[in-house]
Amino acid sequence: MSEIAQFGLVQASYNSKRMRYALPCLAAAVAIIAVTAAYVVRRGFSAREEPNAAEAFLARQLRHIAAPRRARQMANPVAASPEVLADAMAHFADHCAICHGNDGSGNALIGKGLYPKPPDMRQRNTQNLSDGELYYIIQNGVRWTGMPAWRLQHSDEDSWLLVSFVRNLPTLTEQDIDSLREMPEPQGGGHHHHEHER
């Protein structure tokens, strides 16, 4: 048998094996699409529902891939200090608390009506993100969620301030949260630029 004929037999055997695996995978994909379509038709797209485990996992993955690798490696150039955190707290109260809550829990007027719900930023799923990821998400938002891109309203410094504040959410005291509640109501995304002594 010639080498060409032998190659043809090997190729035919490979194609046969590939088809044996491809057909079940295709059938499984069609079944998943059909079940998902039936689920959506029966349930609708209400934002009032709590995301199921698969949707919550998907939302976390979207948030992770929202930041490119180079952004994840960025370091926060704003050194944390009591003054910086006080400024960041005021900025958070004005821009973020309406969705994320004063304590970062996501349990807020607007946040409760979003789908997927804002994450509890005090928990590890947010705290394990790099500073660069947090910055990139603040600046650019996350598609298919309620997280807007703040790039046009925030300076770079403002966004890095918020990164510092997010890092401190797990350690906020009741007094800190009360201070946030006492700050003026959000003005619809009004921009504050803050100057810091270096």
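D103 and R122 form a salt bridge, with their closest N and O atoms 3.5 Å apart. (A salt bridge here means a side-chain nitrogen of Lys or Arg within 4 Å of a carboxyl oxygen of Asp or Glu.) Both residues sit in the loop between helix 5 (97-100) and helix 6 (124-127), so the pair ties together parts that are 19 residues apart in sequence. Helices are DSSP runs of H or I, at least four residues long, numbered from the N terminus.

This is a predicted model, so local features need pLDDT of at least 70 and side-chain atom pairs count only at pLDDT 80 or more, while totals for chains, interfaces and linings use all residues. Residues are numbered from 1 along each chain as its sequence is written, and side-chain values use heavy atoms, leaving out hydrogens and water.

## R122 has another partner

R122 also meets D120 in a salt bridge, at 2.8 Å from N to O. That puts D103, D120 and R122 in one network of salt bridges. How exposed is R122? R122 is partly exposed, with a relative accessible area of 30%; "partly exposed" falls between buried (under 20%) and exposed (over 50%), using a 1.4 Å probe and protein chains only. D120 is partly exposed too, at 23%.

## Linking two helices

Next up is D131, which forms a salt bridge with R167, their closest N and O atoms being 2.8 Å apart. This pair links distant parts of the chain: D131 is in helix 7 (residues 131-140) and R167 in helix 8 (residues 156-168), 36 residues apart. D131 is partly exposed at 23%, and R167 is partly exposed at 26%.
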